[in-house]
Amino acid sequence: MRTIAPLPLVLGALSFFACGKKDEHQAQKSPPPRLEPNEVIASAAPATDLVSYELSFADAAHHYVHVRASYPTPANVEIDLSMPVWTPGSYLVREYARNVEEVKASSSTGEALPFTKTSKNRWHLRTGARAGIVVEYKVYCREVSVRTNFVDSDF
């Protein structure tokens, strides 16, 4: 399993993490090399190997951030996406997914993909072994603290 350097805390609370299931009929590939803690993936890595996030603050006056996350999914016919329920250094369950609204999934070409919410912080998608997927959602951000999110038109 590939380890990616953590995003800053605010983005980490907004981020999905992906773990895929390969099609049974595909040949097994060797796993990618494991990165050491705090090692950053080289910028020369092909863009198709990276998860990317775009944040939009067009509705900041109403305390919303729009998140668009793109995931490479070659060889995966199913994928589970989940959000963390805790923050490093904080020993309480934080329930970050409670502020997530309007989740949509599509192929990288824009074809809508059905998904199922399987638990309070997990979603299951059938990708059909498409090369990539895009997940979009809104996060309500109106709690000021070091472990939560706050957005408004001035901040």
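This is a predicted model: local features need pLDDT of at least 70, side-chain atom pairs count only at pLDDT 80 or more; totals for chains, interfaces and linings use all residues.
Thr127 is found in the loop that joins strand 7 (122-126) to strand 8 (132-140).

Which backbone atom does the side chain of Thr127 reach? The side chain extends to the backbone nitrogen of Ala129, at 3.2 Å. When neighbours within four places in sequence are set aside, the contacts of Thr127 are Thr73, Asn76, Val77, Glu78, Ile79 and Ile133.

## The largest nonpolar core

Ile133, a contact of Thr127, also belongs to the largest nonpolar core, which holds 21 residues. Together with Leu81, Val135 and Tyr137, Ile133 touches the most other members of that core. At least two core residues come from each of strand 3 (64-72), strand 4 (76-82), strand 5 (100-107), strand 7 and strand 8. In soluble globular proteins, nonpolar side chains tend to be buried together.

Most residues other than glycine have a negative phi. Which values do His63 and Ala75 take? For His63, phi is near 70°; for Ala75, phi is about 75°. Both values are positive, and neither residue is a glycine.

His63 occupies the loop between strand 2 (52-56) and strand 3, whereas Ala75 sits in the loop between strand 3 and strand 4. His63 has a relative accessible area of 11% and is therefore buried. Ala75 is likewise buried, with a relative accessible area of 11%.

Definitions and conventions. Residues are numbered from 1 along each chain as its sequence is written. Side-chain values use heavy atoms; hydrogens and water are left out. Helices (H or I, at least four residues) and strands (E, at least two) are DSSP runs, numbered from the N terminus. A polar contact is a pair of N or O atoms within 3.5 Å; within protein, one must be able to donate a hydrogen and the other to accept it, and residues adjacent in sequence count only if both atoms are side-chain atoms. Contact means heavy atoms within 4.5 Å. A nonpolar core is a set of buried Ala, Val, Leu, Ile, Met, Phe, Trp, Tyr and Cys residues joined through side-chain atoms within 4.5 Å. Buried means under 20% relative accessible area, exposed over 50%, partly exposed in between (1.4 Å probe, protein chains only).
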